[in-house]
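Here is a short report on one protein chain. Look through the sequence and the model first, then read on.

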Amino acid sequence: MQGNAATVIEPEMADRRRSSNISGDESVSPFKLLLSCPSGLSSSQVSVKFDASFDRIPHPDVKLENSISEIWNRKSQHSSLLFNGSKFRYAGHSFATVVDSIQVASACFHLGLTDYRTFVGTNLNPSWQKFIVESQDGCSRCQHTSSPLGNGAVVETSDNRILVLQRSNNVGEFPGHFVFPGGHPEPGEVGITTHQCNKDSELLNKIISQEMFDSIIREVVEEIGVPEESLCSPLFIGLSLRVFNVRPAAFFFIKCNLQSEEIQRLYSSAKDGYESTQLYTVPMRDLESMASNMPGCHQGGYALYKLMVDAMKEK
């Protein structure tokens, strides 16, 4: 599969998809596809623009803004597992198909900084819709939300199965649901704690861009238990947005050179195995029914994978 083409999926197109969603409103799709790259983009085709201008803007309603701390304090008192780590905030992207007169697809992520505490207090706030600016379009609608960039991997085994996890009851979001392995690119992994103006911005952008690809490999290794050398280089296949609490996630396709049976054995000793209760190795024909019990952003991940598969059939 060559990383030489991509397709922008407009939100209104994605809205035509109909499936079950967490809000219970069957007229609303549980996800939007913000960007689809059916041929996949390699790490050299994905870049980052990291800047303080992409950080969250505090909400002008002081009471609503103060609820962030109130919710975090209440939740942290009841859970020793909560940790306020820094995250990259998704604030949009740009896309191009021509670079120096050569037909090459590329995507650039616009990222700021946020943290898990603010994510819990905005996107996961029971009143999360109050943080949305309905009069605005695109990412401006979410200017007051944390919106940390998540990631997910559609991992295909050597015997053509897809890896799907069932989340445990110990996790903060969607316990018991099916998900693809994933998590977040982590600022801490590349030594970022603040917007450091004295740093070479071009170098910093390259480091963060590489972390996007390194982090998805790390998540698969830690959650599934497979060795890193069994995984091929990830290909970025698109961006999905969970409509419920506007949760963005970047999805990747990764080939694993191990068979399902061996992966199941390795899963029993996975480092982050506590996050899930079971690993399924699923043929493509069964994946759609499982996807209907995934969080919206992961349903979007399945849609991106299906677009990739359909594009390969047309070649």
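## Ground rules

Contact here means heavy atoms within 4.5 Å. Leaving aside neighbours within four places in sequence, F109 is in contact with V46, S47, V48, K49, Y90, G92, H93, L149, M212, F236, L239 and A250. The model is predicted.

## The chain as a whole

The chain has 315 residues, and 52% of them count as buried. Seven helices and eleven strands make up its list of elements. Take the contacts between residues at least 6 apart in sequence: 73% of these join residues at least 24 apart.

In soluble globular proteins, nonpolar side chains tend to be buried together. The largest nonpolar core in this chain holds 47 residues. Which members touch the most others? They are F50, F109, F236 and L239. Helix 4, residues 201-224, gives the largest share of this core, with eight residues.

A second core is separate and has 23 residues. Among them are V154, F178, V282 and C297.

## Helix 6 against helix 7

Helix 6 covers residues 284-291, and helix 7 covers residues 296-313. The two pack at an angle of about 155 degrees, with axes 10 Å apart. An angle over 145 degrees counts as roughly antiparallel, so helix 6 is roughly antiparallel to helix 7. Their crossing is left-handed.

Which residues meet at this contact? From helix 6 come M284, L287, E288 and A291. From helix 7 come Q299, Y302, Y305, K306 and V309. The residues of this contact divide into six nonpolar, one polar and two charged.

## Strand 11: Y280 and T281

Strand 11 spans residues 276-282, and Y280 is placed in it. T281 lies in strand 11 too. Is each of them buried or partly exposed? Y280 has 24% relative accessibility, so Y280 counts as partly exposed. T281 has 17%, and therefore counts as buried. The cut-off for buried is under 20%.

Beyond four places in sequence, Y280 is in contact with I162, L163, V164, Q166, F178, Q264 and M290. Y280 and Q166 are 114 residues apart along the chain, yet their C-alpha atoms are separated by 7.9 Å. T281 touches R161, I162, L163, S260 and Q264, again not counting residues up to four places away. From T281 to D159 there are 122 residues in sequence and 9.8 Å in space, C-alpha to C-alpha.

## Two asparagines with positive phi

N160 has phi near 60 degrees, a positive value in a residue other than glycine. N160 sits in the loop between strand 5 (150-156) and strand 6 (162-167). N245 has phi near 55 degrees, also a positive value in a residue other than glycine. The loop of N245 runs between strand 9 (235-242) and strand 10 (247-255).

Which of these asparagines is exposed, and which is buried? N160 has a relative accessible area of 52%, so N160 is exposed. The cut-off for exposed is over 50%. N245 is at 3% relative accessibility and therefore counts as buried.

F88 has its place in strand 3, residues 86-99. At 1% relative accessibility, F88 counts as buried. F88 and S146 are 58 residues apart along the chain, and 9.2 Å separates their C-alpha atoms.

Where is D55? D55 is found in the loop between strand 2 (46-50) and helix 2 (62-78). Its relative accessible area is 22%, so D55 is partly exposed. Leaving aside neighbours within four places in sequence, D55 is in contact with R89, G112, L113 and H195. A91 is 36 residues from D55 along the chain, and their C-alpha atoms are separated by 7.7 Å.

Definitions and conventions
Residues are numbered from 1 along each chain as its sequence is written. This is a predicted model: local features need pLDDT of at least 70, side-chain atom pairs count only at pLDDT 80 or more; totals for chains, interfaces and linings use all residues. Side-chain values use heavy atoms; hydrogens and water are left out. Axes are lines fitted to C-alpha atoms, for helices over the stretch in contact, and angles run from 0 to 180 degrees between N-to-C directions. Helices (H or I, at least four residues) and strands (E, at least two) are DSSP runs, numbered from the N terminus. Angles under 35 degrees count as roughly parallel, over 145 as roughly antiparallel, 65 to 115 as roughly perpendicular and the rest as oblique. A crossing is left-handed if the near helix is turned anticlockwise from the far one by less than a right angle, and right-handed if clockwise. Ala, Val, Leu, Ile, Met, Phe, Trp, Tyr, Cys and Pro count as nonpolar, Asp, Glu, Lys and Arg as charged, and the others, Gly among them, as polar. A nonpolar core is a set of buried Ala, Val, Leu, Ile, Met, Phe, Trp, Tyr and Cys residues joined through side-chain atoms within 4.5 Å. Buried means under 20% relative accessible area, exposed over 50%, partly exposed in between (1.4 Å probe, protein chains only).
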